[in-house]
Amino acid sequence: MAFPQPFLDEIRARVPLTQLVGRRVSLKQRGREDWWGLSPFSNEKTPSFHVRDDKGFYHCFASGEHGDHFSWLMQVEGLSFPEAVETLAGLAGMEVPKSSPEERRREEKRKDLTDVVAFAAGWYAKQLDGPAGREARDYLKSRRLEALTVETFGLGFAPDDRESLATAAKAQGIEMPQLIEAGLYRKPDDGRSPYPLFRNRIMFPINDRRGRPIAFGGRFMGDAKAIGVGKYINSPDTPLFDKSRTLYNLDRAREPARQGEPLLVVEGYMDVIALWQAGFVSAVAPLGTAVTEHQIAELWRFHDEPVLCLDGDVAGQKAAIRAGERALPGLKPGKSLSFAFMPEGDDPDSLVNGPGGAREMNALIKQAQPLSDFLFETESDGVRLDTPERRARLEADLFQLIGGIEDELVRKEYQRAFRDKLWQLHRKHSQTRLKQTRRQAIREMRATRNDARGPQAEQPFGRKLLETASKRLVRRRQEIVLATLVNHPALIEEFDEALDGIAFDPDLDKLRAELQKRALAGDTLDPKALTHHLIAGGVEAPLSAVTHPDVFRLAPQAKAGAEPLEARRLLEHILLIGQQSVLVGEYRTAGRLPGEEGAAADKRDLRLEALRRSVDAGEGRLGAGLSDDGEDY
């Protein structure tokens with residue numbers, strides 16, 4: 001409704017803005033009507049938040065936020081304008097005017113229904129504590145819910161009878177038509193007497209944003225399938241309750257979310273409650289349906305990037321796809337979604353109550369997949385990209401998907417991001433084919449050299465010592481290469497092809513593969529972030545080996561603080577050693593091949609001489625850096 005301007009002006013005059021703001025921000029007076037404090041909109045150490053009582057406005061110099069009494073409640077507490085007016089009218093001791101008799105009747109009805117639902121919530125809570133609630137109490141204990149949790153969420157129990165709630169309500173002056181309109185009772189069309197919607201169910205009060213109960217969810221205590229009822233049911237839509245716009249627990253979650261806690265969207269009541277008990281105080285749930293556009297818009301009022309925590313099964317993937325597509329039209333700069341999928345067989349409730357507990361849940365939240373990555377993977381999964389036409393088809397499908405993004409800037413950024421991902425995906429597929437071919441060639445060359453060498457005689461003890469030392473030297477060079485790349489991630493892509501030519505030890509090869517995987521993913525990582533990803537990728541042991549102090553004592557250019565140019569030169573130097581090792585091996589192998597006659601022998605001698613000159617040149621520059629037996633580095 002449109003509120004009369006004199007009424008709004010009177011509210012502003014009666015409620016000092018400093019009094020309203022001072023409930024959340026510590027203000028200090030610098031002049032007669034001049035107050036300052038730390039900005040509630042940004043992290044700062046020097047006050048830049050300014051409030052003027054005489055002019056009735058606040059201004060934040062750090063963020064640019066500016067407004068009056070009403071915008072303050074809308075920005076900081078997430079209220080709608082009518083809710084802000086109602087709140088301020090209460091502080092001012094004023095009645096909110098009604099624009100028409102019909103609206104006055106509607107508002108009175110809402111107040112009456114709010115009282116009815118609040119009465120029912122209290123009555124259900126008493127039943128849970130009484131004799132009829134023993135089975136429900138035992139169930140909640142089996143789900144590891146503490147007494148404080150049950151009390152905080154106002155859980156209750158609806159007995160399995162038709163009359164007790166209506167009888168108790170009538171004693172408080174609440175008649176059956178009100179119970180029906182509040183969604184607590186139903187009246188059959190065939191003329192039978194009304195019956196309660198909730199029977200033999202654990203009751204979960206559903207609150208509005210201000211913490212007032214407006215509806216209920218109920219969990220059946222028996223075998224729901226056997227008697228053909230839903231395991232969980234919610235109140236029907238009423239003048240108080242619209243399930244497509246309401247989120248369970250938003251009243252408790254919104255303030256921590258505004259303060260920076262991750263805003264988690266889960267499937268059901270028990271997931272929300274279990275997460276809250278485990279310390280995740282900003283979890284909400286839709287009410288028996290997939291997340292709607294209205295609910296996504298509501299989430300964005302309190303957090304820029306809510307995390308949808310979904311099961312990892314097919315149903316969870318479908319729910320994620322639906323939510324992502326519904327979010328697309330409303331995307332704005334800074335407003336998006338991300339997705340955290342639970343391990344197979346788990347939901348958030350079982351996960352936080354399992355062996356990994358809150359630690360495992362935290363790890364999943366931190367690794368949540370951004371909306372753009374999720375949509376790209378969904379569209380590109382299983383698509384062949386080996387022809388221009390197929391790549392063009394995928395790009396057309398992706399651009400059609402994001403065509404509904406209304407914000408032009410965000411839409412263009414998605415187009416740019418998807419083109420980059422297409423290029424990376426095509427490059428990855430091409431490199432995979434190239435690497436397979438290259439590795440097959442390397443294997444065949446090694447097999448040829450080994451056949452040419454023939455059976456090796458038993459080596460003297462001194463020779464074995466030299467071979468052991470040589471292998472250790474080769475291993476150390478591999479460690480230096482990988483340590484340099486770990487501490488200078490920008491070099492990974494530059495030396496990508498060279499890495500494929502190095503015969504890493506098996507454990508170090510896993511680390512090499514993980515490094516190249518991170519580079520192909522297109523991530524811009526600093527060494528700390530890269531280390532985190534490598535540990536998560538299961539290569540902690542080889543990572544510890546290559547970052548051992550002995551490695552950096554031998555090659556200080558590999559350290560994180562070394563100049564990038566020095567790190568690049570170190571890699572080039574060691575790779576040159578590897579190339580010379582290959583030449584030495586070929587030279588010595590060629591020297592052991594059977595003799596040839598005539599022109600063939602002359603050509604063989606020329607090849608040997610060319611190889612010898614190359615080896616001599618390399619040995620002159622690199623000295624004892626070559627492995628003694630010419631093994632591949």
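**Reading a predicted model together**

Tutor: Let's start with one residue. In this predicted model, tyrosine 124 touches Gly156, Phe157, Ala158, Leu165, Leu184, Phe198, Met203 and Phe216, leaving aside residues up to four places away in sequence.

Student: Okay, and which residues of the largest nonpolar core touch the most other members?

Tutor: Tyr124 is one of them, along with Leu155, Leu184, Phe216, Tyr248 and Met361, in a core of 61 residues. Helix α5 (residues 101–129) supplies the largest share of this core, nine residues. Apart from that core lies another, of 38 residues, including Leu250, Leu308, Ala323 and Leu371.

Student: How should I read a positive phi?

Tutor: Most residues other than glycine have a negative phi. Keep that in mind and look at arginine 144, whose phi is near 65°, a positive value in a residue that isn't glycine. You'll find arginine 144 in the loop between α6 (134–142) and α7 (147–152).

Student: Where is asparagine 200, and is it buried or exposed?

Tutor: Asparagine 200 sits in the loop between β8 (195–196) and β9 (201–207). Its phi is positive too, near 55°. Asparagine 200 counts as buried because its relative accessibility is 17%, and the cut-off for buried is under 20%.

Student: What does the side chain of glutamine 516 make a polar contact with?

Tutor: With the side chain of arginine 512, at 2.5 Å.

Student: Now zoom out for me. How many helices and strands are in the chain?

Tutor: The chain has 28 helices and 16 strands. Of its 633 residues, 42% count as buried. For contacts, take the ones between residues at least 6 apart in sequence: 66% of those join residues at least 24 apart.

Student: And what about the surface?

Tutor: The chain's accessible surface comes to about 33200 Å², and 51% of that belongs to carbon and sulfur atoms.

Notes:
Residues are numbered from 1 along each chain as its sequence is written. This is a predicted model: local features need pLDDT of at least 70, side-chain atom pairs count only at pLDDT 80 or more; totals for chains, interfaces and linings use all residues. Side-chain values use heavy atoms; hydrogens and water are left out. Helices (H or I, at least four residues) and strands (E, at least two) are DSSP runs, numbered from the N terminus. Buried means under 20% relative accessible area, exposed over 50%, partly exposed in between (1.4 Å probe, protein chains only). Contact means heavy atoms within 4.5 Å. Accessible areas come from the Shrake-Rupley method with a 1.4 Å probe; for residues, only the protein chains shown count as cover. A polar contact is a pair of N or O atoms within 3.5 Å; within protein, one must be able to donate a hydrogen and the other to accept it, and residues adjacent in sequence count only if both atoms are side-chain atoms. A nonpolar core is a set of buried Ala, Val, Leu, Ile, Met, Phe, Trp, Tyr and Cys residues joined through side-chain atoms within 4.5 Å.
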